[in-house]
Amino acid sequence: MSADVSTEGIVVGPVDDESAVLENLLATRWSCRAFEPREVPRPLIERMFTLAQRSASWCNTQPWQVVVTSGAGTGRFRDGLAEYASGHGAAFEFDPPAEYRGVYRDRRRASGWQLYQAVGVERGDRAASARQSFENFRLFGAPHVAIITTDAEQGVYGAVDSGLYLGTLLLAARSLGIAAIPQAALASQSPFIREHFGIADDRKILVGISFGYADLDHPANSYRTARATLDEVVTWQDR
């Protein structure tokens with residue numbers, strides 16, 4: 001049982017099995033692709049980002065910064081993003097994967113087909129799959145979006161640290177009953193995002209996260225992805 005600790009407004013009380021708490025958050029988190037329109041109360045949003053701020057980073061540099069939208073701010077961003085994305089190709093500020101091969105391709109395809117089967121997209125129907133993909137730029141109907149940027153001078157390690165922050169933020173959201181989805185697709189429209197929010201040149205746009213309350217009746221939220229076994233990802237060296 002852990003002792004009470006107070007850290008910058010975050011109070012950690014006794015927990016009988018902390019690993020079980022973490023396991024539950026990991027097991028029940030998923031990427032939400034349909035949201036209710038109701039907004040998350042601002043104190044709860046602030047709590048989520050306060051928790052995420054405890055994320056690890058190299059030399060405690062904390063290279064992430066975040067823009068968060070609500071209300072009309074989300075609406076303006078959603079409308080502008082959808083219009084821009086309909087007429088522009090991808091323009092990431094970090095190089096996207098050049099290619100998916102082998103098991104990575106297989107996992108990506110399996111995840112994609114789970115989504116398409118859930119929402120009724122037939123195999124080979126590229127128009128329908130494109131429409132579903134475009135929902136990224138409508139934020140899947142979420143009432144909020146967060147855009148995570150990282151310090152440009154810290155390069156890949158700043159991006160790694162900001163990725164750790166992203167993971168912590170997703171778990172913080174789940175712990176508060178907030179649904180979320182990380183979206184590299186938003187970073188593909190970085191020129192629009194940079195101009196829309198007035199992001200400075202010393203920042204690089206890494207990822208977006210749409211969040212709110214899940215529409216649990218929507219078929220896009222009816223499936224869950226699998227994870228590789230330990231033997232597939234860990235090599236043991238005992239001697």
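The model is predicted, with local features requiring pLDDT of at least 70 and side-chain atom pairs pLDDT 80 or more, while totals for chains, interfaces and linings use all residues. Numbering runs from 1 along each chain as its sequence is written, and side-chain values use heavy atoms, without hydrogens and water.

Next, select residues 144-151, strand β4. Eight of its eight residues are buried, so the strand is largely enclosed by the rest of the structure. Buried means under 20% relative accessible area, with a 1.4 Å probe and protein chains only. Strands here are DSSP runs of E, at least two residues long; helices are runs of H or I, at least four, and both are numbered from the N terminus.

Two strands count as paired if DSSP finds at least two bridges between them.

Pick tryptophan 64 and then threonine 150, its bridge partner in β4.

Finally, show the whole protein, which has nine helices and six strands. Of its 239 residues, 35% count as buried. The C-alpha atoms fill a box of roughly 55 × 45 × 40 Å along the principal axes. Among contacts (heavy atoms within 4.5 Å) with a separation of 6 or more, 82% come from residues 24 or more positions apart.

Terms used. Buried means under 20% relative accessible area, exposed over 50%, partly exposed in between (1.4 Å probe, protein chains only).
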